[in-house]
Amino acid sequence: MLLEVSNIHVHYGHVAALKGISLAVEEGDFVTLIGSNGAGKSTTLRTISGLDHPSAGEITFNGERIEKLSADKIVKMGIAHVPEGRRVFKDLTVSENLLLGAFTRDDKAGIEKDMGKVFKHFPRLLERRNQSARTMSGGEQQMVAIGRALMSKPKLLLLDEPSLGLAPVIVQEIAKILGEINRQGVSIVLVEQNAELALELARHGYVLETGTVALEGEASGLMDNDHVRKAYLGI
Amino acid sequence: MELILQSIVNGLIQGGFFALFAVGLVLIFGVMSVVNFAHGELVMIGAYTIWLLHAQNGLAFIPAIGVAIIVVTIIGLLMERFLFRPTRDDPLAGLICSIGVLFILQVVATLIGGDGPSKQVPPPFHGTMVVFDSLRIPYQRIFSLVVSIVALSTLWYFLTRTKLGWALRAVALDREAAALQGININRISMIAIGVGGALAGLAGALMAPLTNINPHMGHNVIITAFIVTIVGGVGSLSGAVIAAVLYALFHTFVTVYFGGTLATICGLILMVVVLIVKPTGIMGVRVSE
Ligand SMILES: Nc1ncnc2c1ncn2[C@@H]1O[C@H](COP(=O)(O)OP(=O)(O)OP(=O)(O)O)[C@@H](O)[C@H]1O
Ligand SMILES: [Mg+2]
């Protein structure tokens, strides 16, 4: 198992955001977490990447316990997190953003090569590499955020609502690229409000409700589940 | 006419000093979100180091500048490690700690130099460059201006051309997103306060032969630094440099024609006006979302 989250609890002050979440990601897996606002999706990702820390429970990555490590150490182990709201460095250029994604690496040739790969996924970034991220559209900023995460050469990529606020065409483009990235061997955990898109892309799904896992299973199975259809697919 | 030219030159030199300490304040605020009220005292310690080593004990001026930079940088690093890091989640606590450091450093200066009259450091560079008959600039001031420009250019190069410089700006823009790139926030905070401290030490050392040195000289420095950073746009380094030069010219002219106290009062009024009319400052950029 690449990532194993067992029974984590996370509190913000005295608000319990996660009340015992468990999930597992196999090598090469594509997992999605769906759920309504405030269900704890972002908190789950933030706890895996070390921005938040659980008050109880364990997180194991590649056989090592990581729930107490700080975010900068966890990146080095091979987990990259594309946070909610993209959070690109707006005063820096596109290439500077991408190179910061490779902050933990020294292999110049490898960095060059991965930069090329990012530009292959997102040709638009190549055209605009010397432009400041502030001047990019929402969709382009999302591409910068994903590209930046790829530059750390992750084994596991966490994505928090990459489709938020984007036009359907761009969403489709990004969805296609996530599929490619996964096929190249990067495991993915995708958080989405757009449950239909997420369940189409992923192999496994977890449905989060008020800080707990309400349902889990094959994505195709969840798509046929009555509760999921009513609550998240609006059918 | 002569007076105007002379004032412009003096204003530019003054602007170099202002920029050196204002930029440090901006850097520390940007990266660590603390307002370092002790920044003026860091400059003061830089000036005292020159007085003690160069004027009192005969160490040559340039090595003494090096020592001043090292001493003030170390004070800055200690402040980060033992005061600002433990209080990181509480900006008010950081601010109060910095006020504590302000008083401690004033007392230290008084212990070292006594509380008698202000100290003077005889200018180590003699002579005056005669540009033309009515414009004469002492070499001491030329030296200060050149060193300020070199220091600020080096900082600019570091921040815009090196990976560590980008990392520093990234932390100032979004600390969490920076951590997600593998950037160690503690290490970047040390670099920010180290650079800010070094520049403050340098400013104090360069000012030493041109000013009165006493334990309270930091007041004027911090007032100036606040005016400059607010006019320049809190968090904007280039704004701080531009505002430093403009404000120094303004301050020099008002001082020449109306006196120094009035110049500072005008500066404070200018700051308040900017806060009301354009709170983002002349450069209009924010440091963090
Ligand atoms: N910084 C915070 N301080 C206090 N409470 C928080 C904080 N962040 C999240 N919470 C609370 O924790 C719970 C889970 O939030 P989380 O952001 O993980 O939800 P989410 O599933 O990502 O929601 P959304 O779809 O709206 O992004 C919510 O009740 C939220 O109010
Ligand atoms: Mg969320």
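**Loops, a ligand site and helices in a predicted model**

Lys153(A) sits in the loop between α6 and β7 (156-160) of chain A. The phi of Lys153(A) is near 60°, a positive value in a residue other than glycine. Most residues other than glycine have a negative phi. Lys153(A) counts as exposed, because its relative accessibility is 51% and the class of exposed residues begins over 50%.

A second residue of this kind is found in another loop of chain A. Asn62(A) is not a glycine, yet has a positive phi of about 55°. Its place is the loop between β4 (56-61) and β5 (64-65) of chain A. With a relative accessible area of 39%, Asn62(A) is partly exposed.

The next stop is ligand 1. This ligand is surrounded by 13 residues, and the closest are Lys41(A), Ser42(A), Thr43(A), Glu84(A) and Gln193(A). Sorted by class, the shell holds three nonpolar, seven polar and three charged residues. Helix α1 (residues 41-48) of chain A gives the largest share of this shell, with three residues.

Several pairs of atoms show how the protein meets the ligand. In the side chain of Asn37(A), an N or O atom lies 2.8 Å from an oxygen atom of ligand 1. Gly38(A) takes part through its backbone, where an N or O atom is 2.8 Å from an oxygen atom of the ligand. The side chain of Glu84(A) also has an N or O atom 2.8 Å from an oxygen atom of ligand 1. On its own, ligand 1 has 640 Å² of accessible area, of which the protein covers 62%.

Which residues coordinate the magnesium ion (ligand 2)? The ion is held by Ser42(A), through OG, and by Glu84(A), through OE, at 1.9 to 2.7 Å. Ser42(A) belongs to helix α1 of chain A, while Glu84(A) belongs to the loop between β6 (79-82) and α3 of chain A, so the pair ties together parts that are 42 residues apart in sequence. Are these two residues buried or partly exposed? Ser42(A) is buried, because its relative accessibility is 16% and the limit for buried residues is under 20%. Glu84(A), in contrast, is partly exposed, with a relative accessible area of 37%. Both residues are also listed among those closest to ligand 1.

The loop that holds Glu84(A) leads on to α3. Helix α3 (residues 94-101) of chain A is mostly covered, with seven of its eight residues buried. The buried residues are Val94(A), Ser95(A), Glu96(A), Asn97(A), Leu98(A), Leu100(A) and Gly101(A). What covers the buried residues of α3(A)? From chain A, the cover includes α4 (108-121), α5 (123-127) and α6 (138-150). Chain B contributes too, with α5 (139-161) and α6 (163-173).

Ser7(B) is found in helix α1 (residues 2-32) of chain B, and Thr252(B) in helix α10 (residues 237-258) of that chain. Beyond its neighbours within four places in sequence, Ser7(B) is in contact with Thr252(B), Phe253(B) and Val256(B). Ser7(B) is buried at a relative accessible area of 2%, and Thr252(B) counts as buried at 10%.

The last stop is helix α4 (residues 91-113) of chain B, which contains Thr110(B). Ile99(B) lies in helix α4 of chain B as well. Thr110(B) is partly exposed, with a relative accessible area of 29%, and Ile99(B) counts as partly exposed at 28%. A polar atom of the side chain of Thr110(B) lies 2.8 Å from the backbone oxygen of Gln106(B). Apart from neighbours within four places in sequence, Thr110(B) is in contact with Asp115(B) and Pro215(B).

Ile99(B) and Glu41(B) are 58 residues apart along the chain, and 10 Å separates their C-alpha atoms. Thr110(B) and Gly58(B) are 52 residues apart in sequence, and 21 Å apart in space from C-alpha to C-alpha.

Notes: Residues numbered from 1 in each chain as written. Chains lettered and ligands numbered in written order. Predicted model: local features only at pLDDT ≥ 70, side-chain atom pairs only at ≥ 80, totals over all residues. Heavy atoms only, no water. Near = heavy atom within 4 Å. Polar contact = N/O pair within 3.5 Å; in protein donor to acceptor, adjacent residues only side chain to side chain. Areas by Shrake-Rupley, 256 points an atom, 1.4 Å probe, with all protein chains shown as cover. Helix = DSSP H or I, 4+ residues; strand = E, 2+ residues; numbered from the N terminus. Nonpolar A, V, L, I, M, F, W, Y, C, P; charged D, E, K, R; others polar. Buried < 20%, exposed > 50% of the residue type's maximum accessible area, 1.4 Å probe, protein only. Contact = heavy atoms within 4.5 Å. Donors = N, O, S within 2.8 Å, 3.2 Å for Na, K, Ca; no water.
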